[in-house]
Structure formats: C-alpha cells, structure tokens
Amino acid sequence: MGRTAASVPNGNLKTQLNGNKLKSAIYKKNGYHNKAQRFQRPESFEQAPMYVAVMTYLGFGIVTLFGYFRDFLRAMGLEKCQIANEREEQKDFVPLYQDFENFYTRNLYMRVRDSWNRPICSLPGPVFDVMERVSPDHNWTFRLTGKTIDNVINMGSYNYLGFAENNADFLKTVAARTQQYGLGVCSTRQEMGNLAIHEELERLVAAFLGVESSMALGMGFATNSMNIPALVGKGCLILSDELNHTSLILGARLSGATIRVFKHNNMQSLERLLREAVCTGQPRTHRPWKKIMIMVEGIYSMEGSVVRLPDIVALKKKYKAYLYLDEAHSIGAVGPTGRGVTELFGLDPSDIDVMMGTFTKSFGAAGGFIAGKKELVDYLRSYSHSAVYSSAMSPPIMEQILRVMKCIMGLDGTTVGQARVQQLAENTRYFRSRLQEMGFIIYGNDDSPVVPILLYMPGKVVAFSRAMLKRKIGVVVVGFPATPITEARARFCLSASHTKAMLDQVLFDLNEVGDDLCLKFSQRKYSPRPQQHNNNDGTGQSANILIG
Amino acid sequence: MASGQQWVLVEMVQALYEAPAYHLVLEGILILWIIRLLFSKTYKLQERSDLTEKEKEDLIEEWQPEPLVPPMSKDHPSLNYDIVTGPPSHKIIVNGKECINFASFNFLGLLDNERVKQKALTSLRRYGVGTCGPRGFYGTFDVHLELEDRLAKFMKTEEAIIYSYGFATIASAIPAYSKRGDIVFVDEAACFSIQKGLQASRSFIKYFKHNDMEDLERLLKEQEIEDQRNPRKARVTRRFIVVEGLYINTADVCPLPDLVKLKYKYKVRIFLEESMSFGVLGEHGRGVTEHFGVNIDDIDLISANMENAVASIGGFCCGRSFVIDHQRLSGQGYCFSVSASVFQARDTVSVCFSAFVRPGILFLCVSQRLSGQGYCFCVFLSVCQARDTVSLCLPVSFRLGILFLCVSQRLSGQGYCFSVSASVFQARDTVSVCFSAFVRPGILFLCVSQRLSGQGYCFSVSASVFQARDTVSVCFSASVRPGILFLCVCQCLSGQGYCFCVFLSVCQARDTVSLPPCPPCWLLPP
C-alpha cells in the first residue's frame, strides 16, 4: 500500500519534468518573487581598524608568554600548582588530558573565569540577583559570601518575550499540572510516557507554525544532534553554514553524511557548492548525491545575523535541496506575530522542509521541537533516536509552553502576547540604533534581538564584564573558543520585559564604560537621526503594566 | 680561475671534434626533442573537459533527490502511541482503560510524592519555569549549585555536575574525555545513549561479550601486546571501559569488583552508567558501587539520569574533581545547552535529601485483587533493604526457590493491561526476578519460572509487546542465563488460537533496544 502510494507522486514528477521546461522556469521565478516578501534589513559586519587586530594578537601573545612562564615556574616548584590532581593510585595510567589541552584553561581561562558561571538566586527576568563570589586564590576556587548583588539588569538571558516570570496568576495552570502529574514521566514516548498533554502540545506547535505536524522533545540540543542522523546518512551531502551551532555540527557528524561548509550567510558560496555538488556528484565515484540538505539557523546567536531565507529558499528550489532551519533563537522573537524568520520574510512555512526550534528561549521553558510535513514527523517518531530512547517531556514544562504559545497566539483572549512581540521589536530597534550612534561596532541584523558588541582584545573582555557588573548590569562576554580569535565580544539579549528606563540605564553605563575602556571602534559616521522613539516613557510603562 | 675556465672550454671543443659523427647526430636530435617538449602544450594524463553552462543546467534539471523521508505504512506501531491520560503513577489510564502500572521507571514512587511536589511549587513561585540561559551565561542558579553539592555528598564523591537531559549525560561525558585514537572497551549490551556517546567520540571501540570478564581480559591482553609493539603510541592512548551498572537491555548487574581488578591490572579507566541502578541498588540507593561495596573513588566517572528513580528530568555525572571539572568546559551538552529547569533541580534536591535521610523505606503500592477471577500483585518498589534479603524494585520480590506466578485475566467488559518493566539484580546468593511484559486486554499472560536444581537463576524479560488485531501476538525479548527454563505462554481468550513464543537471545543487537513489531511465532491449532 505504502509502496504504490509512493510511486504515484514519483510518476507525476517525472511527467512534469519531461513535459516541458517552461514549468520549471515559472517555478524558479516563483521562488524569487514571493508575494508579500519583505526586504532584508541591513546587516552590518563592520571591519575593525588595522591597529585593533594587531593589538589583539599582541594581547594573546603576551598572555601566552606569561602562561609559559608560569608553567615553567610550576615545573620548577616555585609556584604552587592548584589544579586538581590525579589520584596517587592512578599516577601511572595514561594521562587523562594532554598537557597542551589544558594550557588554555590553566593559564588564560583561570585568570578571568569570574566573568562566567555567575550564580544567580532569583528569577532570570529583566532584573536578577547575582550571588557575590570572592576568590582568595585568583579564581582557582570561589567562595560565596552569602551576600547578593540585588537588581542587576539582566542583559544575558534568552528571555526574549519575558516569559521567564513567576507571577502566580500566570503560572496557575503550571502549578496545577505539577500538582496533578508530578515532575517526570518516567518512561519513553513509545512505552508508557505518551501523555495526552504531549499530543496537545504537538498539535498546538503545528498550528502555531502553520505546518502539518510537529514533534516535541525534552532537550533542544538533542533535538538537533539526535534527529539529523535519522534524516541523512551516507551518500548524502550536508551544506552547513560556517557559524552553525555545535548541536547541528554534532548531528551532522553523527549522521555520517558528507559535510561541506559555506561562508556565513553567503549566497554565492552556497550556490557554488550546490552547483558543484549536483554537477559532479559524490567524490571519486561521481554517483549523484542521494539528498542534499542545507542547514542554517534563523538567528545566529553569536553574530545576531538573520539568515537570508528568501535567497536560500530560491536556491533550494532551483537545486532541489532540502532545507533544515534551526529557529532556536528566532521562534517567538522575530516576525510581526512572533512566528520566526519565515514570517519575518513573509515566506510560506511549507517551503521549509524541516523546521526545528527550542522552547528554552522565547517560551521560558525547556526542550525543542521538529516540525514539517506529516510524513516527516511520522518518520522521525519511528526512527529518530531521541524519540525512541529518551524520556518524555515533563508535564509542567509542557504546560508552560502551552500557556505561552496560547498567549502569543491570542488564544487566551488577550493581546498580551502580541504586545510583547511588538515591545521586543521596539526595544531591539531602539537599543541597536543608540549603540550605533555611540560608535560601538555591533554585528547583525537590525531586527535581531541578539546584539553583539565587538570588544576584540582579551583584556578588555574581562574588564568590560567586571565594570558592567559593578554598575549592576549583567552581560555575557564570549571569547576565543566560541568566536574567531580576533573577535571577542559582549552579547546583549533584549527582552520585551526590559523597560525603557532599564535600557536607558544600560545605554548610559555602556557609553561611560565604552569611553573608559576605549571600546568605540566604529569609523562610520551616523548622522544624529530625528528621535523616532517615544521619549515620554509612555510605551515603556504601558509594556510594564502589560507584563506585570 | 679564468685560465681554468678556458681550459675546460678548450677541452670541450676538442671533445666535440673527436666525437664520432653518429654521437653528434644523436645529441642533436635529443636537444631538438627537449626543445620540442619545452614548447609543446602541457601534456595531460586525462583530457579534462569542463561542462558547459548548458550541460550544467541540464544536469541540475535532471537530478532528482531521494525523498526526504522514505514512505511509511500507516499502521506502523510507533505512529499510534498509546495515549496515557492522567498521571502515570501506580494506576495508569491507557487508551481510556485503567490499568496497574508496571511500565514506568518510577522505582521509588517519587513521581507522586507530595513533598516533592510542594518543593517544586515553592521553586516555581520563586524561579518560574525556564532558566533561559546555559550555565555559563547566568543559567547557574543557587539550586543548581545546591543540587550538585548534595549529589556529590550523597554519592560520596568530590564533585558532581548536572545536565538538563538524561539522554545527553553519558553521551556528552564520553566524548569529553575519549578522543580520536583512544580506545574504549564496551559491553555489547550497552544502552543507546552510551552508543551515541561513543559514536560522537570517534574513538576506537572494542566490544566485549555481555558481562563476560574473560572476554574483556582477552581484549585487554591483546591491547597490551599491541602496546608493547608500539610503546610510543601507547603512552598517549587513553583507555576506557564503559559499562552500565544495571543493564537496561538485559537487566543484569555488571560485575564491578572484577572490573575494578582489571582496571588496575591493565591501567584502564572505568566509566559507569547508572541510570537504572541509581536510587535502586545498594543500601542507600547509591548504585552498584554501594551494592558491591566498591570504593567509589575506584570508578573514574559515574553518570546517571534523574528521569528514572528520581522521577524528574536531567542527569548528572560524579567523580573526582580532577575528572569532573573538565566537563564544565568540554561537555557539549553542558556548555551549549540551557541549564536544567530550576524547579526540577529543586525537586531533585529534596529527593536526594529524603533518600539520604531515610534509607530503608519500603513502599508497598498495590496488591490488588481484580473482581474475583484473577490476582495480580505487585510490590512497586523498595528503596533499600537489609543486606541479606532480596532487594528489588520488582513486581514481586521473593526468595530463593519461590515460584512466581502472575496471572492476569480479562474480565468481561473490564479489560486491563499491565506492563512491567523493571530491573533485576542479583545478590550473590539471592534470586531476584523481574519482568517486563506488556499485555493487552484479551490476553492471558502466564509466566512461570522455576528454579533449577541447586542453582540460583535469574531471568529477565525486557521488551515491549505488540499485538495484532485479533490474534495473539506477544513477543518477548528475553535474555536468559544458561540453565534457565523460561516458559511463557500466552493464550488468547477468544479461543482462536494459541501462540507461544520463547525468544531467547543472550544479548540484543548493538543498537536496538526495542523489538520489531512481531517476530515469527508458532501458531498451534486449538
């Protein structure tokens, strides 16, 4: 039965192709000119002046030299080595780590590690309380003082729509669900863990995205790394953006398919690879590829750039490749009603073959989803590793997702969700334009709520993070292993729950810290624009009321 | 200098005069040949002809990829999951029918523990649901630190690290240590997440027979000989043994004391996955190490998920700081994933606490008689027990030589189904048995197991059962130890036929856990 059903569309396809080439011409054209397509908003990646690159390398050179010097002192026994040691009984085993692997951790990361893993002890909302830590031995160990730094403005959490909240009224349903179900499920979906609420969630996700079907899983990372191997395998080709998230890369590697990398958001590079792949086929045997899959993200979390989806969809149609879109950061955060990048560009969601996203960011919960055509999801349900072997999602978490999704869709009878989506867009535009005026180099798309400010030099990264915390602003800084070596940066994640007063405070402090640390590298001139933003705090306040 | 040069030149000219004519002709031809080669077009081994643009377009036009997913039949069993309504506690409503739950890994019955729920609600009011950030970027909450601290104390190790997803715990931990070129010795019955971790590590993997220490030692010896041959390589090749405490696929306990002996003999590190045994084995639920009284420091890394006995989500790894700290930067599931939901962490904190404080509690959940015709009984779990008694999270716990009979019958109009899924372990001289069976309404399920003369036995069935529409089809996957009689009879009540199948397999295939829908079975006429 299945066999015959499959052969029919194949037959149809062939006749279509043999029929005339005219059709395909229209096809192409359709891909390029979609009805209500929005233009890509400007996306900037300003080059830093030459001296900055030189100073950055110099900085790394100095710390590396000092690292070797300290290693030398440790070897001589002049400096106490504080790193945890192997057990006496196992000294003669093969060392667990190579010495050079730890060089970076021991000598560079240890000096600055107070900028990461800062523990907090409150809700990760627009403000949070950071627990104060002191280190008696230059960050080798930390001791919590028991004091907290209260009301630090949170610019680090992925709380795009402000749904990380603890308002008892909003969380009524979640609390009820906890009371009813407890916290876990203690079984897999295929066995006894398929609750009715799982099915409800999957139906709602599909309706939210405007696709046929969806599947929800317990962890965003695993959604990528465990499902990609079910879709592609040997003899398939994956074209992956160079800045894709580790989970996508891991999934691609586990799949056994050939991976080729194209330049970040560079359509020429992608098309060249596609053309070559289709024309020459697999290496050595020159057999045609079984499938070609393009893997991209909606918003790139370290660059703040938005994928050039209309171009990619056109290319995908022309070369008959499949498209895997990871909307981890973009779902809920962009698009006029929060439906992600497809809505931002006014594209039809059915053009995306595999749509993936997470619930951890905009939805303030945990887990991930895969959505698309019914056949796709059915197949994954039976063959994807994580669907078969891992525990089902926890009921209270699902309830939170349901609550948030209904709120965004307006199914709860309010416009709170829509107001938040709009507030986020407004905050994003305001924050980005002000930073540009101040002369910081920021990366990414004007629509993206992820705002990376380039810091470049390793010393400045830490100084910036510490200075901002002193001014009660929590920021995320990222350096070498996560970014190119010369492009260390601070990342700001905007939230709908940030009020205008908070953003102004952050901007004021940024301006001062930027001057103190000489962080304003931009050489562009921004003409002081007429103020488009409502200055009389009205919007901020109204948003505040809405969000409660 | 100049004169010397001249002398050479003169000699050359002289030689030219003296040379025979044929020699000159030959040299002349050779020189011409070289000149020709120099100016001729570059010679190609294979004539390359670039495709023209039109040809390329045609190729692109012609190429048809395979469909993204192969077509599936509509009645594939995994497309029609059983729907559970209501909480999966000891009673469970499957497809609208109330059943006794033998299927969930809720060993300690903590899923519907009121204290846990209250703790979770307190946390929910304070922290909300999500953490909205990975651990490095303000995703570390005080409760995470507290949980790690308590887990480390509970397990009596130096440090613990928590993950937000049970499946990802061991799958991230293995590749953090074992890289390309390293060697991992794995039990061939290892669970799926271990397999995924190994695949991600790209190490050299050697499987040994399930729980067969001789086979492992053989492999280790082979490796030792190999090392002597190439000592330079051996000095940088890390070696690991990866085993499960309680195998989810076979329900066997790993022989940990023997493994520790081998560890020191051959200088291999041991990674132990305790998802099934954590909270189940040992006097205080600390797992296999406590069960065997092995010093926990002898195990390099212990990983477990908190989705089974602890009835929450997430997982953790514990061990010495020297080992564990490395994951904070290298464990992919840790660095790149958003941290475990706080209120869940919170709930686990309280669970650990109660497990810590009150060892030796036995929960007896259900022992129920069903409308007069059949009995079904189960003891849902035991946290811990005295050392000399049988200890289990078992449907029924019994002593040596006890006949275990579980009969369930369909009553007219009031069907029930039960599924047992569990773990078994065997103390040295005691017997423990556990079943995993899933029986649909309309099936009589009889399972008899007998002790053979003088020998303890252990058998486990771990599987799922599928049922065709109106014939009986029950399939088991059982791993049966030598010398065990395993008899399984299933009977269809509607009188159409009998079906019985004994499906013995020592170990399951490497990457399958569950079974194909219905393996062939013998149909006997009534």
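So, Asn154 of chain A stands opposite Gly474(A) in strand E14(A). That pair belongs to the pairing of E4(A) with E14(A), residues 473-474 of chain A, which is parallel and has 2 bridges. Keep in mind, please, that what you're looking at is a predicted model.

Now, E4(A) has another partner. Strand E3, residues 127-134 of chain A, pairs with E4, residues 143-154 of chain A, in the antiparallel sense, and there you get 6 bridges.

Let me zoom out for a second. Chain A has 18 helices and 16 strands. Of its 548 residues, 59% are buried. And if you take the contacts in chain A between residues at least 6 apart in sequence, 72% of them join residues at least 24 apart.

Next, the seven-stranded sheet. What order do the strands of chain A come in? Reading across this open sheet of 7 strands, you go E5-E11-E10-E9-E8-E6-E7, and the pairing is mixed. At the edges are E5 (213-217) and E7 (258-262) of chain A, each of them pairing on one side only. From one strand to the next, the twist averages 20°.

Inside that sheet, have a look at E10, residues 354-358, and E11, residues 368-372, both of chain A: they're antiparallel to each other, with 5 bridges. Val354(A), for instance, has Gly372(A) in E11(A) as its bridge partner.

H6, residues 196-209 of chain A, goes across E5, E10 and E11 of chain A, at about 125° to E5(A). H9(A) lies across E6 (237-241), E7 and E8 (292-297) of chain A, and runs at about 150° to E7(A).

H9, residues 267-280 of chain A, packs with H10, residues 309-319 of chain A, at an angle of about 10°, and the axes are 11 Å apart. Anything under 35 degrees counts as roughly parallel, so H9(A) and H10(A) are roughly parallel to each other. Who's touching whom? From H9(A) you have Met267(A), Leu270(A), Glu271(A), Leu274(A), Arg275(A) and Val278(A), and they meet Asp311(A), Ile312(A), Leu315(A), Lys318(A) and Tyr319(A) of H10(A). Sort that contact by class and you count 7 nonpolar residues, 4 charged and no polar ones.

Here's another helix pair to set beside it. H7, residues 220-231 of chain A, and H12, residues 374-383 of chain A, pack at about 105° with their axes 10 Å apart. That angle makes H7(A) roughly perpendicular to H12(A). On the H7(A) side the contact uses Asn227(A), Ala230(A) and Leu231(A), and on the H12(A) side it's Leu376(A), Tyr379(A), Leu380(A) and Tyr383(A). By class, the contact of H7(A) with H12(A) comes out as 6 nonpolar residues, 1 polar and no charged.

E13(A) and E16, residues 488-493 of chain A, run antiparallel and are joined by 6 bridges, and in E16(A) you'll find Phe492(A) opposite Val451(A).

Last stop, chain B. It has 15 helices and 24 strands, and 55% of its 526 residues count as buried. I'd like to show you one helix there, H5, residues 142-155 of chain B: at 1.5 Å a residue its 14 residues should span 20 Å, and its end C-alpha atoms are 20 Å apart, so the two agree. Buried residues in H5(B) include Val143(B), Leu147(B), Leu151(B) and Phe154(B). Just past the end of H5(B), Lys156(B) takes a positive phi of about 60°.

How values were computed: Residues numbered from 1 in each chain as written. Chains lettered and ligands numbered in written order. Predicted model: local features only at pLDDT ≥ 70, side-chain atom pairs only at ≥ 80, totals over all residues. Heavy atoms only, no water. Axes fitted to C-alpha atoms, helices over the stretch in contact; angles between N-to-C directions. Helix = DSSP H or I, 4+ residues; strand = E, 2+ residues; numbered from the N terminus. Parallel < 35°, antiparallel > 145°, perpendicular 65-115°, else oblique. Contact = heavy atoms within 4.5 Å. Nonpolar A, V, L, I, M, F, W, Y, C, P; charged D, E, K, R; others polar. Pairing = 2+ DSSP bridges. Expected span 1.5 Å × (residues − 1). Buried < 20%, exposed > 50% of the residue type's maximum accessible area, 1.4 Å probe, protein only.
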